[in-house]
Amino acid sequence: MRKIHPLLAITFLLLLAFNAVAQSNSKVDGTIVEQVPCSPYQPATYEQYVEAAKRRQLEDVEAAKEEGFQTDASKNSPPVLMQRDEFAKRKAYPGFECHRIKYTSDGLIVAGFIWKPKDTEGKKLPLIIFNRGGNREFGKLTPWMRSGFYEYLANGFVVIGSQYRGNDGGEGKEEMGGADIRDVQHLIPLAQSLGYVDMRNIFLFGWSRGGMMSLLALKNNLPVNAAAIGGAWTDLVLEGKRRPLLVKEDWKELIPNFSEQSEEALHERSAVYWPEKINVPLLILHGGADWRSDTGGNALALAQKLQGLGKTYELIIYANDNHGLSFNSADADRRIIAWFKRHMK
């Protein structure tokens, strides 16, 4: 048997390794490379759920104080809680399942989640792409947010969301509405690859910063039937003036070339400057006491622009409610589901 020279063997192995990396990096955008079941439902008990809700409310009051805002309505009102039997039903998550995924986007591996019925055999189900708020690890998707989107799955939808690049163990760095918008766009081929998504019925839902991401996706012609946004930023120029801490701690860090091109970057991310780009029916939800996102400068301002252009939209403002609509969350969910069903093909 002919012996292989050691240098040739090493070269051969290096070529194999290089080809493996190249093939991994050349995967089609939206390819799922990892999928694992979500961790058990949290909080584990009803009492823990109640305490967590109260703690979040107090934390929001303190966060408002740090930025110089008054939140008396939130401070003096108890959080609206589900009943014990409803909590038990959602914790059981009957017939549904959650998966943490990693998928490809621009050659990066990005983290996300899929919430779906267990039985999808032979089915084609409508899809909601959910865009999270916050940035980096703050506000990221968690397996059991909105009780694992229980109400949405119970109404026949599949929900998929991205953590955006650079977060929750994902590669790259988010850009607060820059290149990371493609992490949302690449959920379309991902959904198509699943086999059980009805690609004729795709909807977009975003909260806070995720509302901005949803509007940017519409600007880039994401093929959806309708969209819903809550507590969304639609005028980042205004928000930067209201909340200078956002500029200092988040936008300067995350938005590329922000110091040199801040005005251009904020305009590009603010739907009030390009309402003509919104060409699907849009449901706008906002809390009247939202300190994180000014109601008049965001929800009302965008609605007025859409009205002037004759666009299809609906505006709901919940008086005295906060950024997350803690006191009207059940009603908000019902309205969003009804909005999507109204625009089903």
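Analyst: A salt bridge here is a side-chain nitrogen of Lys or Arg within 4 Å of a carboxyl oxygen of Asp or Glu. This is a predicted model, where local features need pLDDT of at least 70, side-chain atom pairs count only at pLDDT 80 or more, and totals for chains, interfaces and linings use all residues. Residues are numbered from 1 along each chain as its sequence is written, and side-chain values use heavy atoms, with hydrogens and water left out.

User: How many salt bridges does the structure hold?

Analyst: There are 26. One of them pairs Asp183 with Arg165. Their closest N and O atoms are 2.8 Å apart.

User: Which parts does that pair tie together?

Analyst: Asp183 sits in helix H6 (residues 181–185) and Arg165 in the loop between S5 and H6, so the link joins parts 18 residues apart in sequence. Helices (H or I, at least four residues) and strands (E, at least two) are DSSP runs, numbered from the N terminus.

User: Sheet next. What's the strand order?

Analyst: S1-S2-S3-S5-S4-S6-S7-S8-S9, an open sheet of nine strands with mixed pairing. Two strands pair if DSSP finds at least two bridges between them. The edges are S1 (32–37) and S9 (313–318), each pairing on one side only. Twist averages 20 degrees from one strand to the next. Axes are lines fitted to C-alpha atoms, for helices over the stretch in contact; angles run from 0 to 180 degrees between N-to-C directions.

User: How many bridges do S8 and S9 pair over, and is the sense parallel or antiparallel?

Analyst: Six bridges, in the parallel sense. Leu282 has Tyr313 as its bridge partner in S9.

User: Helices now. At what angle do H5 and H13 cross?

Analyst: Roughly 45 degrees, with the axes coming within 10 Å. The two are therefore oblique to each other. Under 35 degrees counts as roughly parallel, over 145 as roughly antiparallel, 65 to 115 as roughly perpendicular and the rest as oblique.

User: Which residues meet there?

Analyst: Arg146, Glu151 and Tyr152 in H5 meet Asp333, Ile336 and Ile337 in H13. Contact means heavy atoms within 4.5 Å.
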